[in-house]
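Subject: Structure handover and notes

Hello,

Here is the structure we talked about. Please keep it open while you read the notes below.

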Amino acid sequence: MSDDRKLGFFALVALVVGSMIGGGVFSLPSDIAQGAHPGAILLGWLITGVGMISLALVYQSLASRKPDLDGGVYSYARAGFGEYIGFNSAWGYWISAWLGTVAFITLLFGAIGYFFPVFGEGNNLASILGGSLVLWSVHFLALRGVREAALVNLVTTIAKLVPLIVFLVLVTLGFNADLFSSDFWGTGGAFEWSSVMAQVKSTMMVTLWVFIGIEGAVVVSGRAKNRKDVGTATLVGLVGTLVIYVLVSITSLGVMARGDLVGLPNPTTAYILESVVGPWGATLINLGLIVSLLGAILGWTLLAAETPYVAAKDGVLPRLFAKENANGAPVASLWITNGLIQLFLVLILFSSGTYQAVYTIASAAILIPYMFSALYQFKLVVTGESYGPEESRVGDLAIGAIASVYSFWLIYAAGLDYLLMCAVLYAPGAFFFWKAKYESGKSAFSPSNFLISGGLSVAAVLALTLMYKGVISPL
């Protein structure tokens with residue numbers, strides 16, 4: 001790929017910010033308050049901030065120490081733990097990315113429904129038809145090439161920040177400290193460890209969801225003009241986004257009682273601002289959300305298609321996924337990815353699935369790729385690979401350890417139901433791995449690979465059984 005078609009620093013930052021700031025932030029106040037009070041929410045943000053910053057530093061370090069690994073979350077898992085683990089990391093990341101796009105399209109038409117009630121909450125027939133039109137419009141834009149799509153993402157990223165800044169300024173001016181501090185811990189008075197920790201746990205999938213996209217620059221690192229920009233862009237994008245998220249969730253609890261906040265429809269920031277300044281506030285936020293989601297859908301389409309494309313080039317997905325068009329876009333990967341998104345949009349119509357249900361599954365699906373990225377950093381430090389004999393490893397060891405512990409904590413916080421549902425999506429991947437190995441004339445399953453595949457299959461059967469019995473819901 002010629003250098004003039006590659007991505008510069010600001011395009012990489014915009015890809016990170018644009019991927020993270022999608023629709024989640026506009027519904028963040030009520031989503032995070034569903035199961036937590038102000039004190040627990042602050043603790044949840046503290047854990048998330050430490051965990052996500054450590055994860056960003058992991059990606060910064062890996063981008064610097066392993067510049068030859070162009071597939072980000074997939075490449076790190078493959079290099080550290082073998083082809084089948086790498087494949088599952090790519091597969092899980094792919095699932096998360098296209099499910100995230102499904103969630104964004106659902107929320108998009110919920111926002112449009114504010115102006116045109118025919119779209120309802122984003123999960124009726126009109127919304128699915130409109131969402132399909134948006135999906136395939138983005139698809140054909142992405143086919144023009146990653147650089148062109150990334151430039152559009154840069155413009156929408158700037159546009160989406162304006163209503164968020166207006167929201168923060170106006171809501172901060174209306175902030176009531178007494179309202180914010182009432183029943184601070186949700187225990188009616190004194191701090192109770194078990195209650196507060198349960199509340200903190202309830203915030204984890206919400207905070208993870210709004211940060212998915214942190215790896216955006218890493219995933220397309222092979223298309224960066226300067227590989228050194230990848231890690232810096234990831235860190236800059238994360239810190240700026242973290243500040244916005246914390247302020248949006250905390251200031252909202254100072255202008256509206258938690259009980260009222262939880263009952264608001266999506267996007268909740270629109271109705272919060274409306275309570276402060278009147279109807280024009282809701283109009284501004286909904287317009288901002290529409291622009292934001294259009295940009296996020298584009299950004300996530302790029303991320304969703306890129307990972308299987310890189311994995312196929314490495315021979316762990318069938319060759320079909322590696323096919324490019326004349327613009328260098330991963331054409332087959334785009335068609336397959338967007339076909340699956342279309343299928344799930346239809347499923348949402350018949351299941352009445354919600355934005356929150358879809359994004360929780362998408363969040364759970366990405367836990368494995370994040371975990372193996374953190375563990376790979378830890379492994380490099382322990383083995384000394386890529387380190388000079390006199391080079392200190394203490395800082396990187398701490399970063400790798402914190403990111404790894406945070407990843408395990410997220411898996412625990414996700415809960416068994418959503419992890420079982422993820423197994424249903426992970427298990428079919430074994431066929432595609434076998435197909436890729438068959439194409440290259442290699443054996444697909446060692447004893448350890450067979451054990452992993454078998455475990456996923458058992459979990460998938462259990463999940464389907466529980467779904468059939470109505471114990472858990474697929475959406």
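Start at G82. This glycine sits just after α4 and takes a positive phi of about 100°. Helices here are DSSP runs of H or I with at least four residues, strands are runs of E with at least two, and both are numbered from the N terminus.

Some ground rules. The model is predicted: local features need pLDDT of at least 70, side-chain atom pairs count only at pLDDT 80 or more, and totals for chains, interfaces and linings use all residues. Residues are numbered from 1 along each chain as its sequence is written, and side-chain values use heavy atoms, with hydrogens and water left out.

Buried means under 20% relative accessible area, exposed means over 50%, and partly exposed is in between (1.4 Å probe, protein chains only).

The axes of α4 and α17 come within 8 Å and cross at roughly 50°. That makes α4 oblique to α17. Axes are lines fitted to C-alpha atoms, for helices over the stretch in contact, and angles run from 0 to 180 degrees between N-to-C directions. Under 35 degrees counts as roughly parallel, over 145 as roughly antiparallel, 65 to 115 as roughly perpendicular, and the rest as oblique.

α4 passes α17 in a left-handed crossing. The term means that the near helix is turned anticlockwise from the far one by less than a right angle; clockwise is right-handed.

Which residues meet? From α4 come V73, Y76, A77, A79, G80 and F81; from α17 come P369, F372, S373, L375, Y376 and K379. Contact means heavy atoms within 4.5 Å. The residues of this contact divide into 9 nonpolar, 2 polar and 1 charged. Nonpolar covers Ala, Val, Leu, Ile, Met, Phe, Trp, Tyr, Cys and Pro; charged covers Asp, Glu, Lys and Arg; the others, Gly among them, are polar.

**Aromatic pairs**

The structure holds 27 aromatic pairs. One of them is Y76 with Y376, which is stacked: 6.1 Å centre to centre, 20° between the planes. The pair links distant parts of the chain, with Y76 in α4 (residues 73–81) and Y376 in α17 (residues 367–383), 300 residues apart. Y76 is buried at a relative accessible area of 0%. Y376 is buried too, at 3%.

Next, Y84 and F433. Their ring centres are 4.8 Å apart and their planes lie at 55°, so the pair is tilted. This pair also links distant parts of the chain: Y84 is in α5 (residues 83–115), F433 is in α20 (residues 429–439), and they are 349 residues apart. Both Y84 and F433 are buried.

The cut-offs: rings of Phe, Tyr and Trp (its six-membered ring) pair if their centres lie within 6.5 Å; planes under 30 degrees apart are stacked, over 60 edge-to-face, and the rest tilted.

Ring pairs also build a cluster. Its members are Y84, F87, W91, W94, W98, F321, F344, F431, F432, F433, W434 and Y438.

**α3 and α18**

α3 (residues 38–65) packs with α18 (residues 394–414) at an angle of about 125°, with the axes 8 Å apart. That makes α3 oblique to α18. α3 passes α18 in a left-handed crossing.

On the α3 side, the contact takes in I47, T48, V50, G51, M52, S54, L55, L57, V58, S61 and R65. On the α18 side are D396, I399, G400, I402, A403, Y406 and W409. Together they divide into 11 nonpolar, 5 polar and 2 charged.

D183 is not a glycine, yet has a positive phi of about 50°. It is found in the loop between α8 (177–181) and α9 (193–211). D183 is partly exposed, with a relative accessible area of 35%.

S386 is another: its phi is near 75°, a positive value in a residue other than glycine. S386 is found in the loop between α17 and α18. At 33% relative accessibility, S386 counts as partly exposed.

G295 lies in α14 (residues 279–313). It is buried at 1% relative accessible area. D31 lies in α2 (residues 24–33). D31 is buried at 7%.

Best wishes
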